[in-house]
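Please read these points with the structure open.

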Amino acid sequence: MKVEVVETTLVPPSEATPRHALWLSNLDLAVPKTHTPLVYYYPRPDAAAGAGAGEEREGEGSFFDPARLREALARALVAFYPLAGRLAVGQGGRIEIDCTGEGALFAVARADFTGDEMFRDFEPSPEARRLLVPFAASGDPPCVLAMVQVTFLKCGGVAVGTGMHHVTMDGAGAIQFIRMWTALARGESPSWSPFHDRTLLRARSPPHVPFEHPVYSPAYLNGSPRPFVTRVYTVPPKLLADIRSRCAPGASTYCAVTAHLWRAMCVARALPADGETRLRVPANIRQRLRPPLPATYFGNAIVRDLVTVKVGDVLSQPLGFVADRIKRAVSRVDDAFVRSVVDYLELESEKGNQAARGQFMTESDLWVVSWLGMPIHDADFGWGRPGFVAPAQMFGSGTAYVTQGYDKGDPINVLFALEPEYLQTFEKAFYGE
């Protein structure tokens, strides 16, 4: 498979924007300094399926007209002006965003493959990222913060790949930005604006840390890189109903499916029953703080917690026991816990330590991110919703995403990165064969 990039340009905001240094919170600085690669696939509408891959598709008013997308991007960057800046190092060596207004990277490409060839059995991989998402040589300062590639496929469909620097936003923030960009491309005028003041998450003085936060310790993500492949596993309604029936009433889909995934991973890796296994759990804190963060808070508002369980318990206790342990970890992330995390990170920073930003877990551990309930398929630029949305690449073995189907009633999917030698055993355990 090949892609030819036919245009690369910087798109600045369409109007003058504030020029200043934007302070980043400890939660922003606790994430990996990388660009998060996502891909949205838009099949060509049936009515226009007869059109070929020639000039017509890139002309004014055509399917995914690049000029229309560029103009909407420039307008979106007025509200989301930090994304038009660059990562910088401020006083004392603290990372910040220099709001320079230089612009986001916008690329247009042509592919020699069809949507079916890429997306029918899509698997996130370095190759998919290389083909569909712009590449940044480094995530360190100074670097571009927002990158987009519009790839016209041989079948007439389009893939939109985005690479957004993780320090600028979490998943909810990415949804906000796409929501603004797509609305403007449709000719709408959104009345809401993102909230950029991240000092709402400033550490207390003096810091106070009443909880333990081992998940943020630099010693936690101390595994070595291991070869892995990523597979997309559909959870059929019958399997989901069976998983939920073995958990307590009220257990969330995330807790139930993650418990089932955790057990299958322990089986696949043949972990010793007397050893410990750890699950890294992320929680969106926007509504957990008192007072809550503004609904349009733009930044990283995710706090991590760690669930540690004996392997033997994951394997032999009822599935509801495992799901309950996960639920308790998520539930304890309240205002006091979040403030404790922020203060812990402040103290570690003062010692010269960096939070665990790496992504290489030991073989006994698991990290599961939930996209359930996130409107990832609402990214309609005016030519219809995407038929498929996924990370273009995973970054380490033992990481997983639980994602919603296209429509509310569709099966959910689990994207899971695992060493290839464990795949067959994992799949048998996951599907109960």
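Notes on the predicted model

1. Asn26 sits in helix α1 (residues 26-29). Helices here are DSSP runs of H or I with at least four residues, strands are runs of E with at least two, and both are numbered from the N terminus. This is a predicted model, in which local features need pLDDT of at least 70 and side-chain atom pairs count only at pLDDT 80 or more, while totals for chains, interfaces and linings use all residues. Residues are numbered from 1 along each chain as its sequence is written, and side-chain values use heavy atoms, with hydrogens and water left out.

2. Asn26 has a relative accessibility of 5% and therefore counts as buried. The cut-offs are under 20% relative accessible area for buried, over 50% for exposed, and partly exposed in between (1.4 Å probe, protein chains only). The side chain of Asn26 makes a polar contact of 3.1 Å with that of Arg94. A polar contact is a pair of N or O atoms within 3.5 Å; within protein, one must be able to donate a hydrogen and the other to accept it, and residues adjacent in sequence count only if both atoms are side-chain atoms. Apart from neighbours within four places in sequence, Asn26 touches Arg94, Ala203, Val342, Leu345 and Glu346, where contact means heavy atoms within 4.5 Å.

3. Helix α5 has 15 residues and covers 21 Å from its first C-alpha to its last, close to the expected 21 Å at 1.5 Å a residue. The expected span is 1.5 Å times one less than the number of residues. Of the 15 residues of α5, 12 are buried, so the helix is largely enclosed by the rest of the structure. Among these buried residues are Ile175, Phe177, Met180 and Trp181. Their cover includes β3 (35-42), α2 (66-79), β7 (146-152) and β8 (158-165).

4. After α5 comes Gly187, which has a positive phi near 90°.

5. How far apart are the end C-alpha atoms of helix α7 (residues 253-268)? They are 22 Å apart, which agrees with the 22 Å that its 16 residues should span at 1.5 Å a residue. Since 15 of the 16 residues of α7 are buried, this helix is largely enclosed by the rest of the structure. Ala270 follows α7 and has a positive phi, near 50°.

6. The model has 20 salt bridges, counting a side-chain nitrogen of Lys or Arg within 4 Å of a carboxyl oxygen of Asp or Glu. One of them joins Arg204 to Asp343, with the closest N and O atoms 2.6 Å apart. Arg204 lies in the loop between α5 (171-185) and β9 (229-235) and Asp343 in helix α10 (residues 335-350), so this pair ties together parts 139 residues apart in sequence. Arg204 is partly exposed at 34% relative accessibility, whereas Asp343 is buried, with a relative accessible area of 1%.

7. Asp365 and Arg278 form another salt bridge, their closest N and O atoms being 2.9 Å apart. Asp365 is in the loop between α10 and β12 (366-370) and Arg278 is in strand β10 (residues 276-284), so the pair links parts that are 87 residues apart in sequence. Asp365 is buried, with a relative accessible area of 1%; Arg278 counts as partly exposed at 23%.

8. Glu348 and Lys351 also meet in a salt bridge (3.1 Å, N to O). Glu348 is buried at 9% relative accessible area, and Lys351 is exposed at 59% relative accessibility.

9. Six strands make an open sheet of mixed pairing, in the order β9-β15-β14-β12-β10-β11. Its edge strands, β9 and β11 (302-310), each pair on one side only; two strands pair if DSSP finds at least two bridges between them. Strands β14 (residues 399-403) and β15 (residues 412-418) run antiparallel and are joined by four bridges. Thr403 is opposite Asn413 in β15.
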